[in-house]
Amino acid sequence: MKTFIFIPDTDMNAGLGHYHRCIKYSNFIRRNNIIFLIYKNFKYKDLINKNFYGININYIFFHDLAKTLSFLNFDRKNVVTILDTYKKKNV
């Protein structure tokens, strides 16, 4: 089973569009593990719990993205990461 990690560009006052776009992308995923990495200060309270196919979305809230990614222990051959941002520094 593959793990899909979505990283929408979220912060204290913005990122709702990035978040919703990633939710739409997750609707194409069936029978896999879905994880969203969300900046801890993201103000959006109504995070969606399941995608269109009823797959649970697991949320991990972070302050430091690099440290959070280093702590995740996945078989890298089975991980797909989707970064939704417009900032070049995140790439």
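Contact here means heavy atoms within 4.5 Å. This is a predicted model: local features need pLDDT of at least 70, side-chain atom pairs count only at pLDDT 80 or more, and totals for chains, interfaces and linings use all residues. Residues are numbered from 1 along each chain as its sequence is written, and side-chain values use heavy atoms, leaving out hydrogens and water.

Start with Phe-6. Leaving aside residues up to four places away in sequence, Phe-6 touches Cys-22, Tyr-25, Ser-26, Ile-29, Ile-34, Ile-35, Phe-36, Leu-37 and Ile-82.

Phe-6 also belongs to the largest nonpolar core, which has 14 residues. Such a core is a set of buried Ala, Val, Leu, Ile, Met, Phe, Trp, Tyr and Cys residues joined through side-chain atoms within 4.5 Å. Buried means under 20% relative accessible area, exposed over 50%, partly exposed in between (1.4 Å probe, protein chains only). Phe-6, Tyr-19, Ile-34, Phe-36 and Tyr-59 touch the most other members. At least two residues each come from β1 (3-8), α1 (16-26), β2 (33-39) and β3 (57-62). Helices (H or I, at least four residues) and strands (E, at least two) are DSSP runs, numbered from the N terminus. A second, separate core of five residues includes Ile-5, Ile-7, Ile-35 and Phe-62.

Next, the rings. The whole structure holds ten aromatic pairs. Rings of Phe, Tyr and Trp (its six-membered ring) pair if their centres lie within 6.5 Å; planes under 30 degrees apart are stacked, over 60 edge-to-face, the rest tilted. Two of the pairs are tabulated.

| Pair | Centre to centre | Angle between planes | Type |
|---|---|---|---|
| Tyr-39 and Phe-62 | 6.0 Å | 70 degrees | edge-to-face |
| Tyr-59 and Phe-61 | 6.3 Å | 20 degrees | stacked |

Tyr-39 lies in strand β2 and Phe-62 in strand β3, 23 residues apart. Tyr-39 is partly exposed at 22% relative accessibility, whereas Phe-62 is buried at 9%.
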